[in-house]
Amino acid sequence: MSLEEFEEFSCPYCGESNTLPIDVTGGSNQEFVVDCEVCCAPIAIRLRIAGGQIQRIDVYRENE
């Protein structure tokens, strides 16, 4: 089992695709902010992980 997985998501600002490396050993609920690879806007990410796999990823504008 890989300790890191990659998840693709669309930027909530510009709509462009981004790739996010995720450490599945970092806890069952993770929250952090990343910058869009295209428009550099701050994107809030919320993850739910169970059994070493991503169950849910929520992506939204940082100020929402």
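Modeller: Contact means heavy atoms within 4.5 Å. Leaving aside neighbours within four places in sequence, Pro12 is in contact with Ile43, Val59, Tyr60 and Arg61. This is a predicted model, in which local features need pLDDT of at least 70 and side-chain atom pairs count only at pLDDT 80 or more, while totals for chains, interfaces and linings use all residues. Residues are numbered from 1 along each chain as its sequence is written, and side-chain values use heavy atoms, with hydrogens and water left out.

Colleague: Why is Pro12 called partly exposed?

Modeller: Buried means under 20% relative accessible area, exposed over 50%, and partly exposed in between, with a 1.4 Å probe and protein chains only. Pro12 has a relative accessible area of 26%, so the residue is partly exposed. Pro12 lies in the loop between β1 (4-10) and β2 (17-23); strands are DSSP runs of E, at least two residues, numbered from the N terminus.

Colleague: How far apart are Pro12 and Arg48 in sequence and in space?

Modeller: They are 36 residues apart in sequence and 19 Å apart in space, C-alpha to C-alpha.

Colleague: What makes Gln30 buried?

Modeller: The relative accessible area of Gln30 is 11%, and therefore Gln30 is buried. Gln30 is found in strand β3 (residues 29-35). Apart from neighbours within four places in sequence, Gln30 is in contact with Asp23, Ile45, Arg46, Leu47 and Ile49. A polar atom of the Gln30 side chain also lies 3.2 Å from the backbone oxygen of Gly27.

Colleague: How many salt bridges are there, and by what rule?

Modeller: The count comes to two. A salt bridge is a side-chain nitrogen of Lys or Arg within 4 Å of a carboxyl oxygen of Asp or Glu. Side chains of opposite charge can pair when their charged atoms come close.

Colleague: What makes Glu31 and Arg46 a salt bridge?

Modeller: Their closest N and O atoms are 3.5 Å apart, and the rule asks for within 4 Å, so the pair is called a salt bridge. The pair links distant parts of the chain, with Glu31 in strand β3 and Arg46 in strand β4, 15 residues apart. Glu31 counts as exposed because its relative accessibility is 58%. Arg46 is partly exposed, with a relative accessible area of 36%.

Colleague: Which residue forms a salt bridge with Arg56?

Modeller: The partner is Asp58, with the closest N and O atoms 3.0 Å apart. Arg56, at 43% relative accessibility, counts as partly exposed. Asp58 counts as partly exposed at 22%.

Colleague: How many disulfides does the structure hold, and how do you know?

Modeller: The structure holds zero disulfides. Cys36 is in no disulfide, the nearest cysteine sulfur, that of Cys11, being 3.7 Å away. A disulfide is a pair of cysteine sulfur atoms within 2.5 Å. For Cys39, the closest cysteine sulfur is in Cys36 at 3.7 Å, which is too far for a bond.

Colleague: Are Cys36 and Cys39 buried, exposed or partly exposed?

Modeller: Cys36 counts as buried, because its relative accessibility is 2%. Cys39 has a relative accessible area of 36%, so Cys39 is partly exposed.

Colleague: Why is Cys40 called exposed?

Modeller: Cys40 has 55% relative accessibility, so the residue counts as exposed. Cys40 is found in the loop between β3 and β4 (42-50). Although not a glycine, Cys40 has a positive phi of about 70°.

Note on methods:
Helices (H or I, at least four residues) and strands (E, at least two) are DSSP runs, numbered from the N terminus. A polar contact is a pair of N or O atoms within 3.5 Å; within protein, one must be able to donate a hydrogen and the other to accept it, and residues adjacent in sequence count only if both atoms are side-chain atoms.
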